[in-house]
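Me: Hi, I'm new to this one. Can you walk me through it?
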Amino acid sequence: MNDIQYLNRLFKEYYRENRKNLPLINSFNEREFGFIPWDKQIRMIRHMNFSSRENLMKNLFSNGPRHVYSSGALYFQPENQDMSGKGFKGCDLIIDIDADHFYTPCKEDHDFWYCKECGESGNGIVDRCPSCHKSKFKTLTWICEKCLDIAKYEIIKLIYDFLIPDFAIELNQIRIAFSGHRGYHLKIENDKIRTLSSDERRELADYITGENVSFEILGLQTRSGTFYRFSQDTIGWAQKILRKTEEILNKPDADIKNYLSNNEKFNLNNSYIKSFINSKQDFLTKIKETNRFILPSIEGFGMTNWKKFFTGVVHELGVEIDIPVTVDIHRLIRYPGSLHGKTGFKVQEILPDEIDDFNPLDERKESLDPIVFESKVHTTQKLEILEEKVPVTKIKGEKHGPYSKGDIIEVPHHVAIFLLCKEVAKTI
Ligand SMILES: [Zn+2]
Ligand SMILES: [Zn+2]
């Protein structure tokens with residue numbers, strides 16, 4: 001039996017054992033299903049529909065697919081092979097936050113690239129090869145508690161800074177799931193939201209990322225050498241920016257300096273940061289005034305620097321969502337409780353009040369643990385490493401690796417499954 005057959009068999013066993021445990025998503029019968037099998041020749045089998053969970057589970061435990069998806073959309077005929085023949089009824093709002101889509105410092109430790117043109121390699125993420133300036137790469141991306149924590153924090157921001165205050169979404173309409181790999185999905189089940197068009201979803205996504213916030217529209221202006229800010233009574237972005245500004249001003253000077261030195265976000269040079277800090281008390285006084293909206297006069301601060309500062313604040317507040325996922329009303333998303341074929345982890349649903357303590361790589365609550373192949377009898381497995389470099393994997397509080405090509409290793413069962421699913425090792 002080769003490794004693919006081995007993983008396929010494990011997945012089948014998982015679905016057989018959990019045939020009563022997989023959650024039943026709402027409007028189950030109106031969803032389209034899609035599976036990606038282990039055979040790489042086949043991209044995706046889609047346009048399927050199941051009349052009951054029992055039928056879905058029968059299929060899953062006889063086939064044990066690598067990935068399992070269902071539609072965010074509801075259809076009259078979900079099994080119709082033709083998209084236009086399905087009869088679109090509406091679509092849940094899906095928001096995907098994936099650590100792969102934004103910069104995190106830990107990627108310098110655990111992500112690698114190899115240039116296919118010249119053979120150069122390095123850590124982190126690059127747009128172009130520093131040697132040959134081409135951009136044909138083979139990449140190896142990994143996960144760790146740090147990037148998953150950042151993704152989790154983005155979900156929390158999304159719920160409490162946007163969905164609840166700005167869109168009046170109720171907590172019981174929000175479903176969150178750990179994707180089984182690098183991030184989280186959030187689904188809103190609300191009848192009004194279901195009717196939104198793709199364009200309307202794009203507007204909503206732009207609002208959440210802060211992509212096209214116009215400071216002029218919010219009220220930033222200059223008259224006779226005085227700069228005027230937005231009013232804190234206006235809800236939405238104006239209020240968020242001012243609150244965050246106040247939070248920044250209340251930090252110790254050294255922290256403000258550190259904070260504003262983040263060039264990716266603020267792009268302010270040191271002398272401007274210094275004059276900003278010198279005017280901090282004045283700014284704090286002026287920001288509390290509710291009858292006039294004047295900005296302090298800061299040495300060197302014209303419209304350009306004010307915009308740089310507020311743009312940095314917006315970047316800090318906006319949520320890093322994957323926009324195409326939210327805009328596409330025919331997108332399929334991972335089915336809760338199914339297995340992710342690139343990790344062997346479960347797509348784990350979590351309630352909003354469980355997310356603070358949730359730690360997918362070392363979860364204490366058994367009912368929320370995505371690592372389903374942890375062996376209770378501490379069995380280990382022997383593997384040979386196939387990839388040039390494999391970064392450290394920390395699962396269940398234990399570190400494994402780093403490894404190099406040809407290493408023969410012996411690791412706990414769940415770590416072995418992870419490395420096999422990642423296709424960086426083979427059984428021996
Ligand atoms: Zn190169
Ligand atoms: Zn990381």
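Me: Let's start with the hairpin. How many residues sit between β10 and β11?
Reply: Keep in mind that this is a predicted model. β10 and β11 make a hairpin with four residues between them. In the turn, G180 has a positive phi of about 95°.

Me: And how do β10 and β11 pair, parallel or antiparallel?
Reply: Antiparallel, over five bridges. To pick out one pair, R175 has K187 in β11 as its bridge partner.

Me: What about β6 and β11, how many bridges join them?
Reply: Six, and β6 and β11 run antiparallel too. Here L93 is bridged to I188 of β11.

Me: Is β11 mostly buried or exposed?
Reply: Five of its six residues are buried, so β11 is largely enclosed by the rest of the structure.

Me: OK, switching to helices. What does α4 pack against?
Reply: The buried residues of α4 pack against β6 (93-98), β10 (174-178), β11 (183-188) and α6 (198-209). Those buried residues include C147, L148, A151, E154, I155, L158 and F162. K152 is buried as well.

Me: How many residues does α4 have, and where does it bend?
Reply: α4 has 23 residues and reaches 30 Å from its first C-alpha to its last, close to the 33 Å expected at 1.5 Å a residue. The bend is about 30°, at I159. After α4 comes A168, with a positive phi near 50°.

Me: Back to I155. What is it in contact with, leaving aside neighbours within four places in sequence?
Reply: I97, I176, Y184, L186 and I355.

Me: Which residues of the largest nonpolar core touch the most other members?
Reply: I155, L158, Y184 and L419, out of 60 residues in that core. Helix α4 (residues 145-167) gives the core its largest share, eight residues. Domain 1 and domain 4 each contribute at least three residues to this core.

Me: Which residues are in the second core?
Reply: That one is separate and has 16 residues, among them L220, L260, I298 and F310.

Me: Why would nonpolar residues group like that?
Reply: In soluble globular proteins, nonpolar side chains tend to be buried together.

How values were computed:
Residues are numbered from 1 along each chain as its sequence is written. Chains are lettered from A and ligands numbered from 1 in the order in which they are written. This is a predicted model: local features need pLDDT of at least 70, side-chain atom pairs count only at pLDDT 80 or more; totals for chains, interfaces and linings use all residues. A nonpolar core is a set of buried Ala, Val, Leu, Ile, Met, Phe, Trp, Tyr and Cys residues joined through C-beta atoms within 7 Å. A residue is buried if 20 or more other C-beta atoms lie within 10 Å of its own, exposed if 12 or fewer, and partly exposed in between; C-beta atoms are placed from the backbone. Helices (H or I, at least four residues) and strands (E, at least two) are DSSP runs, numbered from the N terminus. Domain bounds come from an automatic or database domain assignment. Two residues are in contact if their C-beta atoms, placed from the backbone, lie within 7 Å. The expected span of a helix is 1.5 Å times one less than its number of residues. The bend at a residue is the angle between axes fitted to the seven residues ending there and the seven starting there. Two strands pair if DSSP finds at least two bridges between them.
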